[in-house]
Amino acid sequence: MRTIRKTYIVTEDMTASKYASGTLEVFGTPGLVACMEDTAKTLVEEDLKEGESSVGTKVSTTHVKASKVGAEITVEATLVKQEGRMYDFEIKAFENGALIGEGEHTRAVINIERFLAKLNK
C-alpha cells in the first residue's frame, strides 16, 4: 500500500455556491471530491508511461464537516488495490486534524491518444 498526502487551501472557487451544489460560501462537496481525485491522480502519476494519463471512474464520498474559505485541508489517499490499469483508493480529508470527509475512489490508466480518438469518432 502506498499513501500520499496533499494540502489545499479552500478558495471561493471551491464553495458550494460557486459549484451550484448549495447556496453557502463554504467548502463544497464537489470541491472536496476534486481535491480527493487530484490527490489520488498524483499517486497514479508515479506509475505512468509516456503517452498515458489516468481518469476517475468511481467516487463514493461522505462530507461530514463544513470548512470555510481560507481553511487548510489535508487529503490522504491510500492505494488499497491495483489490478492492471485499475487503481482503488481509500481517501480521507482533514482540517486541523479533524476528519471532514472520506470515501473510495477508482482511477483507470488510459492511453491518451486512443482515449481521445474514441471521443472524436
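This report covers the nonpolar core, a surface patch and the salt bridges of one predicted model.

Residues are numbered from 1 along each chain as its sequence is written.

**The core**

In soluble globular proteins, nonpolar side chains tend to be buried together. Here, the largest nonpolar core has 22 residues. (A nonpolar core is a set of buried Ala, Val, Leu, Ile, Met, Phe, Trp, Tyr and Cys residues joined through side-chain atoms within 4.5 Å. Buried means under 20% relative accessible area, exposed over 50%, and partly exposed in between, with a 1.4 Å probe and protein chains only.) Phe 27, Ile 73, Val 75, Phe 89, Ile 91 and Ala 93 touch the most other members. At least two core residues come from each of β1 (2-9), α2 (29-45), β3 (72-83), β4 (86-95) and β5 (98-111). Helix α2 gives the most, with six residues. (Helices, H or I of at least four residues, and strands, E of at least two, are DSSP runs numbered from the N terminus.)

**The patch**

Ile 112, Phe 115, Leu 116 and Leu 119 make a nonpolar surface patch of about 360 Å². (Patch residues have over 30% relative accessible area and no salt bridge; like charges are joined within 9 Å, nonpolar side chains, namely Val, Leu, Ile, Met, Phe, Trp and Tyr, within 5 Å. Areas come from the Shrake-Rupley method with a 1.4 Å probe; for residues, only the protein chains shown count as cover.) Leu 116 sits in helix α3 (residues 112-119). Leu 116 is partly exposed, at 43% relative accessibility.

**The salt bridges**

The whole structure holds eight salt bridges. (Each is a side-chain nitrogen of Lys or Arg within 4 Å of a carboxyl oxygen of Asp or Glu.) Three of them include these pairs:

| Pair | N to O distance |
|---|---|
| Glu 46 and Arg 2 | 3.1 Å |
| Glu 37 and Arg 107 | 3.2 Å |
| Glu 45 and Lys 41 | 3.1 Å |

Glu 46 lies in the loop between α2 and β2 (52-63) and Arg 2 in strand β1, so this pair ties together parts 44 residues apart in sequence. Glu 46 is exposed at 54%. Arg 2 is partly exposed at 28%.

Glu 37 is in helix α2 and Arg 107 in strand β5, so their pair links parts 70 residues apart in sequence. Arg 107 is buried, at 4%.

Glu 45 and Lys 41 are four residues apart in helix α2, about one helical turn. Shared partners join Lys 6, Asp 38, Lys 41 and Glu 45 into one salt-bridge network.

Definitions and conventions: Predicted model: local features only at pLDDT ≥ 70, side-chain atom pairs only at ≥ 80, totals over all residues. Heavy atoms only, no water.
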